[in-house]
Structure formats: structure tokens, C-alpha cells
Amino acid sequence: MSKSPSKRPSKTTRKSKPQSSAPVQQDPNEEPTIAKPMIRVVAILYDGMLILALLFLVGTILTVVGTLLTMETGTESSQAQSLPLWYQNAIMTPSFVLTLVAFYGIFWRRGGQTLGMQTWRLKTINDAGQWLTWGQSFKRILAACLMPLIFGIIGSLIDGSRAALLASAFLGLVFNYVFCLFNPRGLAVQDMLSNTITLKMPKVAHEGLWRGFKNRKKNLNLILLT
């Protein structure tokens, strides 16, 4: 009788590692939350330095161009006058506004965050959880300027000086974020008026600015707080 071949353990057989059946607990701090007003103000200060540099560059270029266009030939530098009001109001002011809109619009549309927001892991999205469009970005900027404009007008009517106008406009900007403390969801004025929201992202879900530019067409797939 032939002996049945003995069964040998396969060389490819590997010992399976025991798997833990304990459920993995998720840290609640790893979920996106609505950004606190203080950290949003700090991010604005970060971006403010870059915005001032851009506005200074645009203003310098427009001043040189305006001087060449409006100054009479042969006029000496000591005789040069300030730029005409029509040039300041029709050219320079809209250019400054467009620079501000372009700065935030480009970053918000492509990654949901500016350079200052990236430092503090902040992202701005719309109520559908997507990056902002140009129209939504422009609407959010206008909403953020509403209270400073109202406060500035009130300050100008009370005092009339430029210092009072600037101080009142600054108080209006502060009011946008003080409003977060009284809103049940912690939303700022511009959040409510533009149907957008700024979130504090966890480290595990935070992506760099370059990756945000590459993934601009993807949704955040975040669950918005109600």
C-alpha cells in the first residue's frame, strides 16, 4: 500500500497577527470647528502686512503713471502738484479695491485659505462645503466692509476729521468679530451676510497651500455645524 503523503506546513503560511477588537476612539478635537474670533484677527494681521505691500506697489505704479499723464511737459519737480481728484477717485481707488478682491479671491477660490490663514489652519468655505466662487468672495469682502463703512460714516458725522473716520472704521472692523461672541454659532457678520464660514482645521486634515491649489475643484466634504 502506498503511503499517503504527509502534510507539511506551507512555507508561505504566515502567522496572523491578533487584531484588537477594542473600538478606536476619535478625539473630538480632530474635527473642524468654527474659528474663534481672536485667531481670525491674528490671521488678518498676518495677511495685512502682505496686503499693505501690494497696495503700496500698486499705488506707486499708479502714481508714476498718473504723474506722467497729468503733469505738463517741462514742469520741475518743485512745481509738481498732487494728482487730480478724478484720477484718484476713478483710477486709484478702484484699483485698490480690485487688488484687495483679487488677493482674497485667488486664495479662497483655490485653497480656501490665505497665507495668514494657512499659518493658523483656517479655511473659508461656502454653505455647501465648497471653495468660494468669485461672486461669493466679492460678496464676503463687501459684507466685511459694511460695518466699518457704517461706523466710519457715523464717526465722520460726529467729528468730521480723518482721524475720527479711521478710528470709527476700525471699531466697525472689530465689531465684525465681537459679534461672534453673541452669535449662537460663533459666526461673524460677514459669515452671515455672505453665507460662508471660516473653520479651524485639525492637523490631520490640514493641507498645505500648494496642495490646496491643486485640489481647488474638490469639495471639503465637511459636516457644517448647525
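Me: Is Arg121 buried, partly exposed or exposed?
Reply: This is a predicted model, where local features need pLDDT of at least 70, side-chain atom pairs count only at pLDDT 80 or more, and totals for chains, interfaces and linings use all residues. Residues are numbered from 1 along each chain as its sequence is written, and side-chain values use heavy atoms, with hydrogens and water left out. Buried means under 20% relative accessible area, exposed over 50%, partly exposed in between (1.4 Å probe, protein chains only). Arg121 has 21% relative accessibility, so the residue counts as partly exposed.

Me: Where is Arg121 found?
Reply: Phi of Arg121 is near 55°, a positive value in a residue other than glycine. Helices (H or I, at least four residues) and strands (E, at least two) are DSSP runs, numbered from the N terminus. Arg121 sits in the loop between helix 3 (115–119) and strand 2 (122–126).

Me: What is the relative accessible area of Asn195?
Reply: Asn195 lies in the loop between helix 6 (189–194) and strand 3 (196–200). Its phi is positive, about 55°, although Asn195 is not a glycine. Asn195 is partly exposed, with a relative accessible area of 43%.

Me: How many helices and strands does the chain have?
Reply: From the N terminus on, the elements run β-α-α-α-β-α-α-α-β-α. The secondary structure comes to seven helices and three strands.

Me: What share of the residues of the chain counts as buried?
Reply: The chain has 226 residues. Those that count as buried make up 30%.
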